[in-house]
Amino acid sequence: MPGGVTVHAAGLSLEGGHGPVYRDVGLDAPAGSLTALAGQAGSGRTSLLLTLAGRMRPTSGVLTVAGQSRPRAIRRVAALGLVDGVNDLERSLTVREHVHERSRGLFWNARNRARAAAALERAGLDLSPDDRTLVRALGREQRVRLGVALALLDGPGLLVLDNVDAGLPGDRRDALWATLEDLAAQGLTVVAACTESPLPRTLRLGGPGLPEPAEPVEPSGPAELPEAVGLLEAAEPLSAVRIPEAAELPEPTGPTAPSAVEDPEHPEDPGDPVRTGTAPDPGDTGARDRDGSGDAPGEEGRR
């Protein structure tokens, strides 16, 4: 069973197209600890989770997980539990199919079955690795626990998961937190996002993705919005644009030369599949590699 890893973040910020997603976040999670990220929807908690797990690149700040700062290296030790809109379970597949798909190796054997059974037990899910129940038939708590079990199959040092308290009554929320505390007691580092946290180790996010102030601040007046870039003012109104009439266009004096075909531009290699700079919707799983290849049309295609 792999041990937990340390997580250190200082001045961590992510700027989106409409402002900050989260800003100046500081976090120190020792190995084998359970930390909650508490905040309302839109507080930046999901983006922060993905950043801590190496799935999103921050705009600024310092992040190390297990002493590693590169997202690709962080991804080797961090696993995602259920993060809604990012790695949703396939509702038309069974528990067995999800477990088989996530297990290591090409073949399902007794060793893989034993590992899967242990992961399901650690996640507190009373189901067999061969259970043929469809995911759509599972309740919310069971789906969260299945997501934890699938993440444990990767043997991570850091487990992150989102919306721990969503759609659950109080007693079932408590039971789920107890399971996460047990995982931390076994040595795994766990960071879980929620709306309200019962944990003493809680990082609270408030407002539009900004850390919540230590004391409430009374507003002194209406909020001032940043000035617009001025693109609309700089643009010339359509009424001022003079469109030449057909009579003013020169008559062609000879055969029209074929227009030149520019070579397609080759976009630079995007590198690691890590989202940068802007904050995606919660359903956004990160940037995908794009195929920038293409051949310019030949002579026959230009005639």
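Among contacts in the protein chain between residues at least 6 apart in sequence, what percentage join residues at least 24 apart? The share is 72%, where contact means heavy atoms within 4.5 Å.

This is a predicted model, in which local features need pLDDT of at least 70 and side-chain atom pairs count only at pLDDT 80 or more, while totals for chains, interfaces and linings use all residues. Residues are numbered from 1 along each chain as its sequence is written, and side-chain values use heavy atoms, with hydrogens and water left out.

The protein chain contains eight helices and 11 strands; these are DSSP runs numbered from the N terminus, helices being H or I of at least four residues and strands E of at least two. Of its 303 residues, 35% count as buried, that is, under 20% relative accessible area with a 1.4 Å probe, protein chains only.

Ser33 lies in the loop that runs between β2 (19-29) and β3 (34-38). Ser33 counts as buried because its relative accessibility is 8%. A polar atom of the Ser33 side chain is 2.6 Å from the backbone oxygen of Pro30. When residues up to four places away in sequence are not counted, Ser33 touches Ala184, Leu188, Thr189, Val190 and Arg201.

Asn112 belongs to helix α4, which covers residues 110-122. With a relative accessibility of 8%, Asn112 is likewise classed as buried. Apart from neighbours within four places in sequence, Asn112 is in contact with Arg104 and Phe107.

Terms used
Buried < 20%, exposed > 50% of the residue type's maximum accessible area, 1.4 Å probe, protein only. Polar contact = N/O pair within 3.5 Å; in protein donor to acceptor, adjacent residues only side chain to side chain.
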